[in-house]
Amino acid sequence: MKGGKPLVGEVNISGAKNAALGIIAGTILTDEDVLIENMPDVSDTNIMLEALRELGASVCRIDSNTVRINARSIGHAAIDDDYLRRIRASYYFIGALIGRCHEAQVPLPGGCVIGSRPIDQHIKGFKALGAEVEIENGSVVAKASALTGDEIYLDKVSVGATINIMMAAVLAEGRTVIGNAAKEPHIVDMANFLNSMGANIRGAGTDVIRITGVTRLHGTEYSIIPDQIEAGTFMCAAAITGGDVTVRNVIPKHMESISAKLEEVGCTIEEYDDAIRVIGNKDIRPTNIMTLPYPGFPTDMQPQITTLLALSGGTSMVVESIFDNRFKYVGELTRMGANIRVEGNVAVVSGVKEFSPARIFAPDLRAGAALVLAGLAAGGITTVSDIEFIQRGYEHFEKKLKGIGAEIEIVRSEREARKFVMKVG
Ligand code: UD1
């Protein structure tokens with residue numbers, strides 16, 4: 001990419017990747033057809049859909065963002081898919097398979113290496129519902145003769161555990177109460193999806209979720225909510241390039257913690273019914289950030305906002321309170337001239353005037369996107385490699401950036417890279 005140019009225009013935000021991953025697994029809970037709209041076409045969702053096929057479900061892509069799934073002919077409750085091991089959300093098959101078949105055998109989840117990511121709270125929930133759960137040869141093996149509702153208090157607010165326990169509990173007998181539940185927008189979306197299939201889930205979006213078991217779920221047509229993190233990333237793209245970008249098809253309420261921080265650093269934010277306009281400011285002010293569960297500032301936006309603060313006119317402190325190894329990208333940013341000192345889960349960010357272009361690599365999904373933003377702010381040619389991380393969660397990232405004026409291209413060889421440099425001059 002050749003950076004240094006303000007990004008200007010409008011960008012349409014895709015469906016929420018993290019909601020989609022839970023919803024794909026949730027389709028197992030009915031024998032009937034489920035039509036999902038606004039499905040982001042990214043590699044994480046495609047891997048989940050492929051795993052559904054391997055389980056014996058029929059998965060029919062109607063267009064790139066609409067999928068019809070029928071899980072009637074699921075033959076077994078064991079998945080052993082090498083790809084699935086690489087993504088975190090594979091754990092959603094455990095809850096869904098327990099709910100549907102009372103048993104599950106699923107590889108332990110992979111995903112971005114942003115810290116230790118245990119699933120003890122998921123397992124605690126499954127056990128409370130009556131399942132026996134063991135780890136055997138790198139897989140989670142669960143079995144239940146019957147599932148009965150119970151009260152489960154999460155020791156740690158966990159998005160994954162909340163969704164997984166909801167899926168295991170919707171068809172259980174009696175009432176399940178999840179205390180200290182996560183409140184992220186995709187928790188609400190997941191509950192709405194399951195309720196549209198006949199489930200009885202109340203309280204999603206608060207920290208107590210009550211689920212009354214039903215005997216069966218039916219088919220549904222459901223449209224996934226917009227992606228809060230994709231929207232936030234494009235809002236940061238406007239801020240970091242001093243541009244003027246309107247993100248469309250968003251739920252402004254979901255964006256409040258991000259909008260508030262961008263305002264604090266000097267951007268102008270205009271909110272509409274389903275759009276937000278961000279007008280950047282050349283002089284970015286420093287601020288402090290602490291990542292927290294929703295409605296706090298999302299950990300998945302931490303690399304992007306830290307990258308922005310690295311160009312501010314002062315010193316900011318960023319505290320990462322969710323994951324313990326989420327500053328790995330700082331080394332790459334330093335190679336572009338950033339001045340950031342990391343101590344444990346705190347980054348002290350001393351703003352610099354500008355980034356210098358460099359050859360850098362994406363260490364994980366969100367950090368990869370943040371480094372692209374850094375490249376778009378740097379005057380000159382920056383190359384980001386290992387972009388398959390970015391493609392896990394951003395639909396047509398470079399095309400959307402191009403649409404708002406970025407000079408960016410995916411190149412597959414040195415030759416193509418040279419051609420790009422010749423073209424952009
Ligand atoms: C999900 C998102 C991820 C996001 C994260 C926090 C998906 C597929 N991924 O990840 O993009 O960064 O929420 O918003 O939706 N924990 C435990 N035990 C558990 C579960 C979690 O100790 O059983 C800890 C984790 O290590 C972490 C914290 O709880 O420190 C939050 O994790 P959690 O909300 O579960 O994140 P994920 O579901 O993995």
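Which residues make up helix α3, and how many of them are buried?

## Basis of the model

This is a predicted model, in which local features need pLDDT of at least 70, side-chain atom pairs count only at pLDDT 80 or more, and totals for chains, interfaces and linings use all residues. Residues are numbered from 1 along each chain as its sequence is written, and side-chain values use heavy atoms, with hydrogens and water left out.

## Helix α3

Helix α3 spans residues 92-101 and is mostly covered, with 8 of its 10 residues buried. Buried means under 20% relative accessible area, exposed means over 50%, and partly exposed lies in between (1.4 Å probe, protein chains only). Helices (H or I, at least four residues) and strands (E, at least two) are DSSP runs, numbered from the N terminus.

The buried residues of α3 are Tyr92, Phe93, Ile94, Gly95, Ala96, Leu97, Ile98 and Gly99. Their cover includes the helices α1 (17-26), α2 (43-55), α4 (120-128) and α5 (159-169), together with the strands β6 (103-107) and β8 (139-143). Contact here means heavy atoms within 4.5 Å. Just after α3, His102 takes a positive phi of about 65°.

## The four-stranded sheet

An open sheet of 4 strands is arranged in the order β9-β10-β12-β11, with mixed pairing. Because β9 (151-153) and β11 (200-202) stand at the edges with a single partner strand each, one side of each is left without a neighbour in the sheet. Two strands pair if DSSP finds at least two bridges between them. Strands β11 and β12 (residues 208-212) run antiparallel and are joined by 3 bridges; Asn200 has Thr212 in β12 as its bridge partner.

Arg210 is placed in strand β12 and counts as partly exposed, at 38% relative accessibility. Leaving aside neighbours within four places in sequence, Arg210 is in contact with Arg175, Thr176, Val177, Asn200, Ile201 and Arg202. Arg210 and Asn200 are 10 residues apart in sequence and 8.2 Å apart in space, C-alpha to C-alpha.

## The ligand site

The ligand is surrounded by 23 residues, of which the closest are Tyr91, Gln121, Ser158, Asp300 and Ile322. A residue is near a molecule if one of its heavy atoms lies within 4 Å of it.

An N or O atom in the side chain of Tyr91 is 2.6 Å from a ligand oxygen atom, and a polar side-chain atom of Asp300 lies 2.5 Å from a ligand oxygen atom. For Val159, a backbone N or O atom lies 2.7 Å from an oxygen atom of the ligand.

Conventions: A polar contact is a pair of N or O atoms within 3.5 Å; within protein, one must be able to donate a hydrogen and the other to accept it, and residues adjacent in sequence count only if both atoms are side-chain atoms.
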